[in-house]
Amino acid sequence: MNIKGSPWKAGSLLLLLVSNLLLCQNVAPLPICPGGAVRCQVTLRDLFDRAVVLSHYIHNLSSEMFSEFDKQYTHGRGFITRAINSCHTSSLPTPEDKEQAQQMNQKDFLSLIVSILRSWNEPLYHLVTEVRGMEEAPEAILSKAVEIEEQTKRLLEGMELIVSQVHPETKENEIYPVWTGLPSLQMADEESRLSAYYNLLHCLRRDSHKIDNYLKLLKCRIIHNNNC
Amino acid sequence: MKENVISATVFTLLLFLNTCLLNGQLPPGKPEIFKCRSPNKETFTCWWRPGTDGGLPTNYSLTYHREGETLMHECPDYITGGPNSCHFGKQYTSMWRTYVMMVNATNQMGSSFSDELYVDVTYIVQPDPPLELTVEVKQPEDRKPYLWMKWSPPTLIDLKTGWFTLLYEIRLKPEKAAEWETHFAGQQTEFKILSLHPGQKYLVQVRCKPDHGYWSAWSPATFIQIPSDFIMNDTTVWISVAVLSAVICLIIVWAVALKGYSMVTCIFPPVPGPKIKGFDAHLLEKGKSEELLSALGCQDFPPTSDYEDLLVEYLEVDDSEDQHLMSVHSKEHPSQGMKPTYLDPDTDSGRGSCDSPSLLPEKCEEPQANPSTFYDPEVIEKPENPETTHPWDPQCISMEGKIPYFHAGGSKCSTWPLIQHNPRSSYHNITDVCELAVGPADAPATLLDEAGKDALKSSQTIKSREEGKAAQQREVDSFHSKIDQDTPWLLPQEKTPFGSAKPLDYVEIHKVNKDGALSLLPKQRENSGQPEKPRAPENSKEYAKVSGVMDNNILVLVPDPHAKNVACFEESAKEAPPSLEQNQAEKDLANCTATPSKCRIQLGGLDYLDPACFTHSFH
């Protein structure tokens with residue numbers, strides 16, 4: 001018998017046990033309403049329904065905007081190759097498949113969504129400004145951009161409400177990835193400028209799909225207890 | 001030299017190519033990845049199309065790398081997706097990440113690469129069709145029958161956790177029809193169809209799509225036979241609609257039938273009969289009820305014809321001094337020397353009011369020549385009911401402002417009552433007391449009184465009856481002529497007895513019964529008239545001098561203050577003061593001739609007797 005190893009084994013076992021307990025606790029759904037009131041539950045359901053509707057709508061708009069831009073300016077010119085690794089939100093630890101998403105805890109998940117939304121405030125603002133300032137501003141793209149900016153703000157407000165209800169103790173975390181692509185949007189070279197717009201719209205389409213999928217996941221998890 | 005070199009090179013190449021072609025071996029053609037699909041956002045498959053074979057067995061390999069990675073990977077599964085496919089399992093699939101993949105075709109002669117394809121699993125989602133579509137016809141007892149269809153989502157799709165969201169669509173058509181009937185079903189997995197053709201065989205299909213992605217293929221068609229007794233309840237609806245509309249039509253027809261007559265009379269008023277000279281205020285009174293009805297509904301004066309008929313053309317003046325009837329209104333009176341006519345009860349001729357059937361249908365039966373009334377139509381209004389507002393009233397009042405005397409409140413014209421003093425007079429009934437509200441006009445100008453010519457003029461002005469104006473003119477003229485002939489006047493009588501007549505009673509109009517015509521007697525005032533009947537304060541406008549009181553409390557009024565003797569009607573005097581407050585007019589009663597001059601107040605040329613004077617004279 002290796003007497004020297006047994007305390008280590010015991011310690012590691014204990015550590016494992018404790019960490020498992022902690023992880024389990026993290027994974028288990030937290031009570032929705034601190035007070036446990038039914039009324040609170042219903043309100044949260046409405047909030048989630050509204051948030052899902054908004055996120056679905058925003059992704060539809062983004063998808064259409066990207067398609068129109070590509071068709072009009074960049075189709076078949078291989079801009080996709082330059083769009084690899086061009087999103088400013090790629091630093092965020094976003095789950096990329098179902099298993100990763102289910103392993104993510106609720107609180108982090110919500111904070112992640114809020115971070116993504118916050119990080120898109122500024123790019124959307126500049127997108128609208130720059131497209132509006134174009135000589136022949138494409139009206140379809142501009143109108144969609146304006147709408148997306150508006151709805152994203154609303155969605156952010158809704159998410160902050162949800163967070164305050166589900167995790168009231170969450171302290172405001174204002175950290176989010178910063179977008180630095182404004183100079184690219186204003187470049188004189190048309191090719192580079194078009195590439196910058198392409199990347200921006202490509203990333204917007206992707207992130208809006210992420211948010212939509214995450215919210216639908218969370219809604220089924222929180223409201224319907226994984227029984228949608 | 002150079003040309004030779006070049007041509008030699010070309011020749012060599014062509015020779016080599018020829019050799020190869022003769023052998024039938026070439027490097028493979030360029031493949032192409034043409035489709036990638038993910039049925040559940042957890043796995044995906046890509047298919048490629050090989051290029052030309054080159055005659056040699058060719059190997060294909062797919063290589064890829066993912067966004068953010070530099071390492072190249074090879075396809076993990078070439079089998080599951082079928083030939084020329086690459087299947088990516090769960091552990092190889094990542095959402096929101098671009099895959100850059102390429103197919104390499106290799107054979108003995110060489111290899112060729114396809115173009116790079118950039119794939120993001122997010123945008124290639126297309127589920128399988130829904131499964132287990134079941135269709136059946138349901139016919140509950142108390143409800144409409146319907147077609148009920150159910151299906152289940154395709155396998156391998158995770159809906160419970162919300163990772164995947166499915167939307168469905170169904171379509172159906174009768175077997176022989178050309179067009180499909182499509183319905184969007186949302187996220188539900190069942191559907192009801194209500195409108196179907198009985199006895200037909202239907203095809204039903206369903207498909208689904210993710211919240212962001214492509215529609216699946218249609219499921220295999222399910223056949224369903226609709227039974228022939230599949231009742232379309234639309235007929236019930238139509239039957240109830242028809243019954244309801246029939247009922248409504250009946251109600252409308254019934255309502256129209258009930259009210260039709262009044263409506264028709266309103267729209268098409270009865271044609272007025274021939275006009276009779278003179279005024280027919282009594283006619284008004286007589287036809288009061290009808291007047292009221294007409295006033296309510298129509299502006300027309302239905303009893304117009306009656307009034308016409310009731311116009312007393314001539315006032316029969318009884319020579320008996322006791323009986324003088326004053327005509328209420330003085331129509332335009334050409335002849336100044338008109339004397340009050342006395343109604344001769346014995347004289348039947350000329351007594352029109354009762355003669356005319358329209359005048360007093362219930363009271364008079366004897367035919368009479370259309371009497372013309374002296375009274376101005378507007379003036380004559382019998383105040384049977386104090387509350388009753390005679391349609392004339394407004395006219396009375398509005399009469400060019402010349403008849404202000406009309407009771408301010410009641411604004412009633414009262415027909416002249418017939419004062420039956422003299423049995424000879426044909427005062428039969430005193431029905432109407434008409435107050436000649438000829439304010440500015442002379443005291444109730446006695447048509448019969450020559451002095452009342454002014455009154456006549458005023459009365460004429462008073463005439464507001466459009467219809468009667470000309471007629472009245474004529475009537476007046478004829479009246480004058482007739483007066484000379486001593487034709488009795490007949491005035492319309494109020495139905496109410498004299499006693500009930502409230503307003504000022506200056507002239508009594510006797511309704512002529514069988515024996516007589518209505519006669520008006522301007523009475524020469526002989527004695528102080530006892531107030532026979534209480535006069536409504538508002539009616540206490542005195543226009544004429546009361547010459548006396550009849551036995552049945554009829555006041556005999558004398559139209560002409562000058563011509564009459566001094567006797568003033570005491571009662572009227574008493575009543576006058578209150579009436580003097582009337583805003584309508586400060587008319588003084590036609591004074592008695594004997595009244596001191598101071599009693600006579602001339603207003604606008606009219607002679608009115610100040611009631612106050614009466615008291616002096618009488619007391």
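B:Cys249 counts as partly exposed, at 48% relative accessibility (buried is under 20% relative accessible area, exposed is over 50% and partly exposed is in between, with a 1.4 Å probe and protein chains only). The model is predicted, so that local features need pLDDT of at least 70 and side-chain atom pairs count only at pLDDT 80 or more, whereas totals for chains, interfaces and linings use all residues. Residues are numbered from 1 along each chain as its sequence is written, chains are lettered from A and ligands numbered from 1 in the order in which they are written, and side-chain values use heavy atoms, with hydrogens and water left out.

**View 1. The disulfide between A:Cys87 and A:Cys203.** Over all chains, the structure holds four disulfides (a disulfide is a pair of cysteine sulfur atoms within 2.5 Å). In the one that joins A:Cys87 to A:Cys203, the S to S distance is 1.9 Å. This pair links distant parts of the chain, 116 residues apart: A:Cys87 lies in the loop between helix H2 (38-74) and helix H3 (98-103) of chain A, and A:Cys203 in helix H8 (residues 190-222) of chain A. Helices (H or I, at least four residues) and strands (E, at least two) are DSSP runs numbered from the N terminus. The torsion about the S-S bond of A:Cys87 and A:Cys203 is about -100°, so the disulfide is left-handed. A:Cys87 is buried, at a relative accessible area of 9%, and A:Cys203 is buried as well, at 2%.

**View 2. The disulfide between A:Cys220 and A:Cys228.** The sulfur atoms of A:Cys220 and A:Cys228 are 1.7 Å apart. This disulfide is left-handed, because the torsion about the S-S bond of A:Cys220 and A:Cys228 is about -105°. A:Cys220 is buried, with a relative accessible area of 5%, whereas A:Cys228 is partly exposed, with 40% relative accessibility.

**View 3. The disulfide between B:Cys36 and B:Cys46.** The S to S distance from B:Cys36 to B:Cys46 is 1.8 Å. The two cysteines are ten residues apart, B:Cys36 in strand S1 (residues 32-37) and B:Cys46 in strand S2 (residues 44-49) of chain B. A torsion of about 110° about the S-S bond of B:Cys36 and B:Cys46 makes the disulfide right-handed. B:Cys36 is buried at 6% relative accessibility, and B:Cys46 is buried with a relative accessible area of 0%.

**View 4. An open sheet of chain B.** Four strands of chain B, in the order S12-S11-S14-S15, form an open sheet with antiparallel pairing (two strands pair if DSSP finds at least two bridges between them). Strand S12 (181-186) and strand S15 (222-225) stand at the edges, each with a single partner strand, so one side of each is left without a neighbour in the sheet. Strand S11 (residues 166-174) and strand S14 (residues 201-210) are joined by nine bridges. Within S14(B), B:Val206 stands opposite B:Ile170.

**View 5. The largest pocket.** This pocket holds about 620 Å³ of space (on a 1 Å grid over the protein atoms alone, a pocket is an open set of points where a 1.4 Å probe fits, with protein on both sides within 12 Å along at least five of seven lines; lining residues have an atom within 4 Å of a point). Among its 26 lining residues, A:Asp70, A:Ile80, A:Tyr198, A:Arg205 and B:Tyr118 are the closest to its centre. S1(B) gives the most to the lining of the largest pocket, with five residues.

Terms used. Points joined across faces, edges and corners; volume = space filled by probe spheres on them.
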